[in-house]
Amino acid sequence: MALLEVEDLVVQFYTEDGVVRAVDGISYEIERGEHLALVGESGAGKTVTSLALLGLIEDPGEIVGGEIRFRGRNILECSDSELRSLRGNEIAMVFQDPETALNPVYSVGEQIAEAIRAHRDVTDEQARRRTVELLERVGVSDAEHRYADYPHEFSGGQQQRIVIAMALSCEPDLLICDEPTTALDVTVEAQILELLEELVEEFETAIQFVSHDLGVVAERCDRVLVVYAGQVVERASVDDLYYDPKHPYTVGLMASIPRLGADRDRLPTIPGAAPDLIDPPTGCRFHPRCPYAESCCATREPSLVDAETGTTATPLEAAPTAHLAACHEYTGALEDGLDYDVVVSGEDEGRGESE
Amino acid sequence: MTLATYVRKRVLVSIPVLLGVTALTFSLLHLTPGDPVDAVLGFQEVDPDVRESLKAEYNLDRPVWEQYLFWLRDALVLEFGRSPITGRDVGATIADRLPYTLVLGGAAWLCSLLIGIPAGVVAAVKRGEPADEVSRIAALAGIATPNFWLGLVLLFVFSVRLGWFRVIPPDAPLLSPATLRFLILPTITLGTASAALVARLLRSSMLRELNASYVRTARAKGLPERTVICKHVLRNSLIAVVTVAGLQLTLLVDGAVVVEQVFSWPGMGRLLVGAIGQRDLPTVQATVLVVAVSVVLANLLVDIAYAVLDPRIRDER
Ligand code: SF4
């Protein structure tokens, strides 16, 4: 049994303009200690999926279908107090912008210590000592003194280190990182990613890494889930995805990474905007933006299939390493096929520096 | 900057404000139409010799700035002269009356917080539910009701009709049970509008804070919802409320003048109204000075409270 199994998750938001299906039948699993990436443009449903794992979907949002099984137990059926003992303890989250994720009016030490006190039977002094250790571990110098400092007295990178310390304070089995470096500049980004990598290694934590940037994900994850308009369009191991992307949308995402150097059929940026989720396109949701779209694409919805065999495959049933994609190319319905080349330029693997 | 440094700085900054306040109060004497000597005399007819000696006694023959310094020196030791009407020492009168106003104002302030904060929290957390509606309507009514009217109605219903409270304060020390019991109605009268305002302000600032990312972080840590609201959200929300609380205190002073009148409460408000009616200028001057200084001090406290709640404030300026 995988550590986490998400099956047919559907999350809706009730807005004035109509019902937004932010997540529409996403399924995936994460093994113990595995690093899985959720990649897609903003609004694709990555963050919503992450919040759902913590039971943090709030009004006007609602989980309307599916199951989230953590260690076999359906989170959606948990009581409030069961959810609380899960949050921060077994599943923790590192948020996008550390400056707003920290409460400005409490000291950083207190904000970490309170997470420890919430889940462990410790005295205030023990929580404090553990907090100082954690701060040291994430690279906050002079942790003993800085315990009492407030978030605004730290730089953005240090703030994110503090958020990471907080998330790891109870040694969770699953750490969700939601665009953890988007708010930081490039050099700091590299340091934070390195720190994260070290720590999850040390704590043997599984990671769900949410990003819009395939480049950031590449070195750090085992498998990638590409999400478009609330649905999974491709799932593969990192290597398969990089050297042999199967879905035109994935190819579009990769085009923004410098090391993909092909001139021919290259998609510099994906034309068009992310679809309206109140009234999503018929057929393949990507068809209004897809350079290979044919008439069948607008009418029939491609299901997720094994790209090698063309047989329908749900992510939970297929082998974890199977390369799945949702495009008519692999159901045999496409006449002209997809004619893009993937050229890997150079052996320089400096992927962290993209953008 | 530490909190102590911040407090020291704020205290220093209030000194010029206090000086300004004293200068304004002092100039009351000279802004009053007619000869200042008349004002000191309470506008009675006396013979010219007495006028001259008074002029000397009150330094009215000196330049204005010297008069101010003399006056300031006296004010510092609470020496405000004698009332031309009652002949009593004004400082002593103030010392009698001030505790009454402080107790009434303090009780009203406490009452506004004890009612306003929980009402605001409940309204924000139960947004759109019946509790929110009830709180909204009660708050609107509270804000819209003039305090003299509320006071008269309460007095009529609970004191005159039901006889639960006395109509005028008992002849007992301020902190005796009988007097404190009497204080209930004036406190409600004075505190209602503030409570309503605190509740509304707190509700809106909590609704804003509830959407903040740190709230999600707090929940994601697995903290109980009570802790999330009462520790994380409330403290941030109170910052906005406290900023307005400075203005509130001025309202309390305004209100006290009216409410003390209605309930025959022997405080500063009533003293002031009486003194104005009798053209008792030294008393008016002293009362205004004490009230103005209290407002400045109260604002200083608000500034400090602000910094205690929000560490970012200490580092500004
Ligand atoms: S199904 Fe059609 S529109 Fe969709 S990705 Fe494949 S080719 Fe493009």
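This is a predicted model: local features need pLDDT of at least 70, side-chain atom pairs count only at pLDDT 80 or more; totals for chains, interfaces and linings use all residues.
Residues count from 1 along each chain as its sequence is written, and chains are lettered from A in the order in which they are written. Local features need pLDDT of at least 70, side-chain atom pairs count only at pLDDT 80 or more, totals for linings use all residues, and side-chain values use heavy atoms, leaving out hydrogens and water.

**Stop one.** Select Asn89(A), in the loop between α2 (80-86) and β6 (91-94) of chain A (DSSP runs: helices are H or I, at least four residues; strands are E, at least two). Asn89(A) is buried, at 15% relative accessible area (buried means under 20%, with a 1.4 Å probe and protein chains only). Now show its neighbours: leaving aside residues up to four places away in sequence, Asn89(A) touches His119(A), Arg120(A), Cys170(A), Glu171(A) and Pro172(A) (heavy atoms within 4.5 Å).

**Stop two.** Move to the largest pocket, with a volume of about 1,300 Å³ (the space filled by probe spheres set on the grid points). Of its 40 lining residues, Glu58(A), Asp59(A), Leu210(B), Arg219(B) and Glu225(B) are the closest to the centre. Colour the lining by class and you will find 20 nonpolar, six polar and 14 charged residues.

**Stop three.** Go on to the second largest pocket, about 920 Å³. Centre the view on Trp109(B), Leu249(B), Leu252(B), Val253(B) and Ala298(B), the closest to its centre of 41 lining residues. Here the lining has 29 nonpolar, ten polar and two charged residues.

Terms used
Buried means under 20% relative accessible area, exposed over 50%, partly exposed in between (1.4 Å probe, protein chains only). On a 1 Å grid over the protein atoms alone, a cavity is a set of points where a 1.4 Å probe fits but cannot get out, and a pocket is an open set with protein on both sides within 12 Å along at least five of seven lines; lining residues have an atom within 4 Å of a point. Ala, Val, Leu, Ile, Met, Phe, Trp, Tyr, Cys and Pro count as nonpolar, Asp, Glu, Lys and Arg as charged, and the others, Gly among them, as polar.
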